[in-house]
Amino acid sequence: MHPTQPFRIGHGFDLHRLKAGAKLVVGGCDIPHDAGCDAHSDGDVVLHAVTDAILGALALPDIGEMFPDSDPQWRGADSATFLKTAVQYLKRTRYALGNLDVTVILQSPKLAGHKQPMRDNLARLLGCDQSQVNIKAKTNEKADSLGQGKAIACHTVVLLERK
Ligand code: MG
């Protein structure tokens with residue numbers, strides 16, 4: 001049974017450990033850095049959190065259930081594949097994106113210069129206007145594992161409107 005309310009809200013969170021020498025992909029952008037995500041797919045926390053927010057808003061199984069990391073077909077996967085699947089569910093259930101707000105937490109490097117390309121990528125993947133997508137980037141003030149550069153995290157909230 002799919003939801004039919006005029007508005008649905010969804011929240012997504014993701015975190016990946018960073019390891020030396022791995023590729024760092026954030027919001028579909030390759031970020032030059034000496035460490036990247038230790039993950040089964042490309043470890044893009046932004047695309048994972050956005051996918052989960054949309055799936056959550058539609059009361060569907062989460063990203064880990066839909067694309068299990070035990071399944072070899074998702075090894076090194078481009079996370080755009082996951083988001084594209086969530087967008088197909090959106091269309092199928094007659095919802096459209098209202099807006100999306102994303103917060104990425106990474107101690108270093110600074111993501112300020114990558115926010116616009118990330119926004120472009122998300123708007124393209126979601127088939128929406130850039131004004132519907134916002135990206136915020138924060139450090140973790142050097143506290144905890146995020147602040148020590150051991151991990152990257154992303155929080156996302158999405159609003160869906162029924163067409
Ligand atoms: Mg993930």
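1. G12 is buried, at a relative accessible area of 1%. Here buried means under 20% relative accessible area, exposed means over 50%, and partly exposed lies in between (1.4 Å probe, protein chains only).

2. Ground rules. This is a predicted model, in which local features need pLDDT of at least 70 and side-chain atom pairs count only at pLDDT 80 or more, while totals for chains, interfaces and linings use all residues. Residues are numbered from 1 along each chain as its sequence is written, and side-chain values use heavy atoms, with hydrogens and water left out.

3. Surroundings of G12. The residue is in strand 1. Helices (H or I, at least four residues) and strands (E, at least two) are DSSP runs, numbered from the N terminus. G12 touches A49, D52, A53, C154, H155 and T156, leaving aside residues up to four places away in sequence. A contact here means heavy atoms within 4.5 Å. G12 and V46 are 34 residues apart in sequence, yet 9.1 Å apart in space, C-alpha to C-alpha.

4. Metal site. The magnesium ion has protein donors D14 (OD), H16 (NE2) and H48 (ND1), lying 2.2 Å from it. Donors are N, O and S atoms within 2.8 Å of the metal (3.2 Å for Na, K and Ca); water is not among the atoms, so sites may look incomplete. Along the chain the donor spacing is D-x1-H-x31-H. H16 in strand 1 (residues 7-20) and H48 in helix 1 (residues 45-57) are 32 residues apart and link distant parts of the chain. H16 is buried, at 13% relative accessible area. H48 is buried too, at 8%.

5. An open sheet of 5 strands runs in the order 4-1-7-5-6, with mixed pairing. Strand 4 and strand 6 (133-138) are the edges, each pairing on one side only. The twist averages 20 degrees from one strand to the next. Two strands pair if DSSP finds at least two bridges between them.

6. Partners of strand 1. Strand 1 runs antiparallel to strand 7 (residues 151-162), with 11 bridges. In that pairing F13 stands opposite H155. Strand 4 (residues 35-37) is also antiparallel to strand 1, over 3 bridges. There A20 has A35 as its bridge partner, and L18 stands opposite C37.

7. Strand 5. Of its 11 residues, 8 are buried. Strand 5 pairs antiparallel with strand 7 over 10 bridges. With strand 6 it runs parallel, joined by 6 bridges.

8. Axes are lines fitted to C-alpha atoms, for helices over the stretch in contact, and angles run from 0 to 180 degrees between N-to-C directions.

9. Helix on helix. The axes of helix 1 and helix 4 (residues 115-126) come within 12 Å and cross at roughly 35 degrees. V46, L47, V50 and I54 of helix 1 meet L122, L125 and L126 of helix 4. By class, this contact has 7 nonpolar, no polar and no charged residues. Ala, Val, Leu, Ile, Met, Phe, Trp, Tyr, Cys and Pro count as nonpolar, Asp, Glu, Lys and Arg as charged, and the others, Gly among them, as polar.
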